[in-house]
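The points follow the display.

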Amino acid sequence: MTKLRAIRGMNDILPEETPYWQSLEGTVRDLLHSYGYGEIRLPIVEYTELFKRSIGEVTDIVEKEMYTFADRNDESLTLRPEGTAGCVRAVIQQGLLSTPQRLWYSGPMFRYERPQKGRQRQFHQVGVEAFGIASPDIDAELILLSARLWRLLGISDAVTLELNSIGSPAARAAYRAALVEYLEARREQLDEDSQRRLDSNPLRILDSKNADTQALLDDAPSLANYLDEESQADFARLCALLDAAGQSYRVNPRLVRGLDYYNKTVFEWVTDRLGAQGTVCAGGRYDGLVEQLGGKATPGIGFAMGLERLVLLLSETGAAVPLAQDADLYVVSVGAAAELEAVARTEALRDILPERRIVLNAGGGSFKSQMKKADKSGARLALIWGEDEVSQGTCAVKSLRGEGGQQSVAVQDLPEYLRAALV
Ligand code: ATP
Ligand code: MG
């Protein structure tokens, strides 16, 4: 029989890694709460149409990365490749847009990409979105919030902020025409991917990784010269707000995003520690998206961070101390009567010491084999019940680390004894 395997690019996250995830997720949750953001939980599957209409028909995601299938009723559904589209769909459908909204969500996203370090087919994002605020103070808030997160995680030295404005749709259309004219005359010098993009999505050529293409762009028209007045003013204000808050950034005039819905501010947090997959967080403004999806015109801005890449960064920089995996106590019992006593006493201990990790031996076994498991659990102490302990109303407490002494403790004194022993 062929072995059953997980789908390529869809990874199991094992107990030895989950402490990084839990610590990251806990920090993110508390931080977003402290900035006044509310959590929204969204479906993983949506109608395909939603992504086509928001992300854009000629983007990499929609053209070649979506997991799309027909359900039993022949409706075209898609595993969400990102979270903004579903979030916008929800705030429109649920009538949440009469006042400004600060929202966040987290969960798996799906893209059919070439799996490699920092790039999976099922990956996880935390997304943050703010609706109903047109001014760049909210752009600054989102950026400062993410910067604080890096500080809390101890990775701020490993990431830098890149910022750009891609202007209004009209400004971008004018720029697009100028860029196409410039590149069309030099089509032969472009790499293959960029040649294709010249016809479909020419702005994406700006973030081509090809060195010759980048060199060619040095003399190309610059997006900054095409920005409308409002976008220019908002971008200047955003920079002033970041300066005032002491937040450093690099204006990268070639920063564009791979999704069609962005306008004005776009930004990315990048690191040089993860090879080619250097963007850990990316986002921008999408003032036209709500209306485009059928809601009343409402400005929006958001970003998403890639949790796999952040976990890699956390483990590589050694910045975050993962939660201890070790047990505190391992409970051993030999004989049927001792097992009754052990189970009852352990449940009582859990009431009194809820923060302690207490592993009860299960599956029986000799004293020796149970003690082996106790040792493997990483516990500091073993609690041992045998016939003698049951008849005397005691428990043998054996230290498993360092000098391995053993004490006989009356069961009624056990909570106090353990509290003192485990500090
Ligand atoms: P990239 O240029 O790396 O493909 P992207 O522009 O497609 O990124 P976004 O759609 O902006 O990425 O998603 C936001 C973040 O989600 C990225 O910065 C990255 O950290 C993470 N991310 C995106 N795609 C993947 C993936 N396939 N595997 C792991 N993380 C991902
Ligand atoms: Mg991508």
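How many cavities of 30 Å³ or more does a search of the whole structure find?

1. The search finds 3 such cavities, a cavity being a set of points, on a 1 Å grid over the protein atoms alone, where a 1.4 Å probe fits but cannot get out. The model is predicted, so that local features need pLDDT of at least 70 and side-chain atom pairs count only at pLDDT 80 or more, while totals for chains, interfaces and linings use all residues. Residues are numbered from 1 along each chain as its sequence is written, and side-chain values use heavy atoms, with hydrogens and water left out.

2. The largest cavity has a volume of about 50 Å³, a volume being the space filled by probe spheres set on the grid points, which are joined across faces, edges and corners. Its lining (residues with an atom within 4 Å of a point) consists of Val58, Thr59, Asp60, Glu63, Arg196, Arg197, Ser200, Asn201 and Arg204. Helices H3 (60–65) and H7 (192–200) each give two or more residues to this lining, and H7 gives the most, with 3.

3. The second largest cavity, of about 40 Å³, is lined by Leu42, Pro43, Glu46, Arg80, Glu82, Gly83, Gly86 and Cys87.

4. Gln125 is found in strand E6 (residues 122–131), and it counts as buried because its relative accessibility is 9%, the cut-off for buried being under 20% relative accessible area with a 1.4 Å probe and protein chains only. Among the residues that Gln125 touches are Glu82 and Gly83, with contact meaning heavy atoms within 4.5 Å; Glu82 and Gly83 also belong to the lining of the second largest cavity.

Note on methods:
Chains are lettered from A and ligands numbered from 1 in the order in which they are written. On a 1 Å grid over the protein atoms alone, a cavity is a set of points where a 1.4 Å probe fits but cannot get out, and a pocket is an open set with protein on both sides within 12 Å along at least five of seven lines; lining residues have an atom within 4 Å of a point. Helices (H or I, at least four residues) and strands (E, at least two) are DSSP runs, numbered from the N terminus. Buried means under 20% relative accessible area, exposed over 50%, partly exposed in between (1.4 Å probe, protein chains only). Lists of a residue's contacts leave out its neighbours within four places in sequence.
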